[in-house]
Amino acid sequence: MSLLTARNVVSGYGKTEILHGVDLDVGEEEIVTIVGPNGAGKSTVMKVAYGLISCWEGTITIGSTDITDHRADEVAQLGMCYVPQRENVFPTLTVRENLEMGAYIEDTPAANDYQHVWDRFPILEERKHQKAGTMSGGQRQMLALSSALMTDPDLLLVDEPSAGLAPDLVEDMFDRLVEIREETNTAILMVEQNARQALQVSDRGYVLDMGENRFEDSGSELLNRDEVAELYLGGVWHRRRCVSSIAAVPTHRYLRR
Ligand SMILES: Nc1ncnc2c1ncn2[C@@H]1O[C@H](COP(=O)(O)OP(=O)(O)OP(=O)(O)O)[C@@H](O)[C@H]1O
Ligand SMILES: [Mg+2]
């Protein structure tokens with residue numbers, strides 16, 4: 001069953017229309033990724049779904065509840081939470097205080113149990129008295145995600161979870177998202193620049209371009225479609241290293257140039 005449904009959503013900023021009739025579905029316990037070029041409207045889709053900007057046309061529902069005109073605080077009460085692309089922690093609060101802020105909406109024993117956060121991201125326990133603003137970009141991403149999860153959401157919207165992470169930590173972040181889904185049954189909708197890696201862990205994906213749906217398929221099918229790979233994933237040859245003439249050139253030849 002679809003948890004989040006957006007149909008023919010038109011939205012934007014001021015008088016500028018950015019989304020020109022976007023459709024989106026996220027099923028229960030699904031991982032869904034939106035990819036696309038810079039400025040395509042990916043973050044805008046998240047903002048309109050979460051009620052941060054208004055939906056000019058179309059409908060958005062969570063389960064059977066119409067949330068088209070809901071504010072973000074009302075949407076949050078329905079089990080959806082959102083980690084924005086930027087400014088996603090309170091920089092002057094400590095790690096522990098950020099988590100407390102995340103938990104304010106839920107007054108359950110689970111929401112006040114920090115052990116699951118420390119288990120998932122041990123660095124956060126080590127730094128629990130450190131101000132969030134002094135943490136590295138990657139550590140802030142871990143904190144932002146953990147704070148959002150304190151509400152025990154049914155659906156997590158996360159905008160660029162791998163942003164600011166060192167390359168060797170990017171894959172780790174995607175593994176954690178899969179782990180979160182497995183452990184908590186939380187459905188995840190993410191926007192990602194690391195499109196290939198994100199689609200590899202996704203049940204389904206959408207390619208958004210210029211505010212419109214371009215492609216929609218399972219994560220693996222999108223990775224396999226030449227048109228998608230060529231236009232949006234940096235080329236087909238990445239996927240077919242073994243047959244690429246570029247890949248056949250020994251690495252040291254590049255290094256010498
Ligand atoms: N607050 C805003 N006010 C006015 N225009 C905005 C605002 N936020 C975004 N836009 C514009 O809306 C368009 C889509 O922006 P959006 O942030 O949704 O793109 P995106 O696909 O998330 O891009 P990126 O990959 O760079 O994060 C862009 O042209 C952008 O300049
Ligand atoms: Mg964005």
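A polar side-chain atom of Lys42 sits 2.8 Å from an oxygen atom of ligand 1, a polar contact, meaning a pair of N or O atoms within 3.5 Å. Within protein, such a pair also needs one atom able to donate a hydrogen and the other able to accept it, and residues adjacent in sequence count only if both atoms are side-chain atoms.

| Residue | Ligand 1 atom | Distance |
|---|---|---|
| Lys42 | oxygen | 2.8 Å |
| Ser43 | oxygen | 2.8 Å |
| Tyr13 | nitrogen | 3.5 Å |

On its own, ligand 1 exposes 640 Å², and the protein buries 60% of that (areas by the Shrake-Rupley method with a 1.4 Å probe; for residues, only the protein chains shown count as cover).

Keep in mind that this is a predicted model, where local features need pLDDT of at least 70 and side-chain atom pairs count only at pLDDT 80 or more, while totals for chains, interfaces and linings use all residues. Residues are numbered from 1 along each chain as its sequence is written, chains are lettered from A and ligands numbered from 1 in the order in which they are written, and side-chain values use heavy atoms, leaving out hydrogens and water.

So who surrounds the ligand? There are 13 residues around ligand 1, and Gly39, Lys42, Ser43, Thr44 and Gln193 come nearest (a residue is near if one of its heavy atoms lies within 4 Å). By class, that shell has 4 nonpolar, 7 polar and 2 charged residues; Asp, Glu, Lys and Arg count as charged, Ala, Val, Leu, Ile, Met, Phe, Trp, Tyr, Cys and Pro as nonpolar, and the others, Gly among them, as polar. Helix α1 gives the largest share, 4 residues. Helices (H or I, at least four residues) and strands (E, at least two) are DSSP runs, numbered from the N terminus.

Helix α1 (residues 42-49) also lies across β1, β2 and β4, at about 70° to β2; angles run from 0 to 180 degrees between N-to-C directions, with axes fitted to C-alpha atoms, for helices over the stretch in contact (heavy atoms within 4.5 Å).

Those strands belong to an open, antiparallel sheet of 4 strands, ordered β2-β1-β4-β5. Strands pair if DSSP finds at least two bridges between them; β1 and β2 have 9.

A second open sheet has 6 strands with mixed pairing, in the order β6-β7-β8-β3-β9-β10. Its edge strands, β6 and β10, each have a single partner, so one side of each lacks a neighbour in the sheet.
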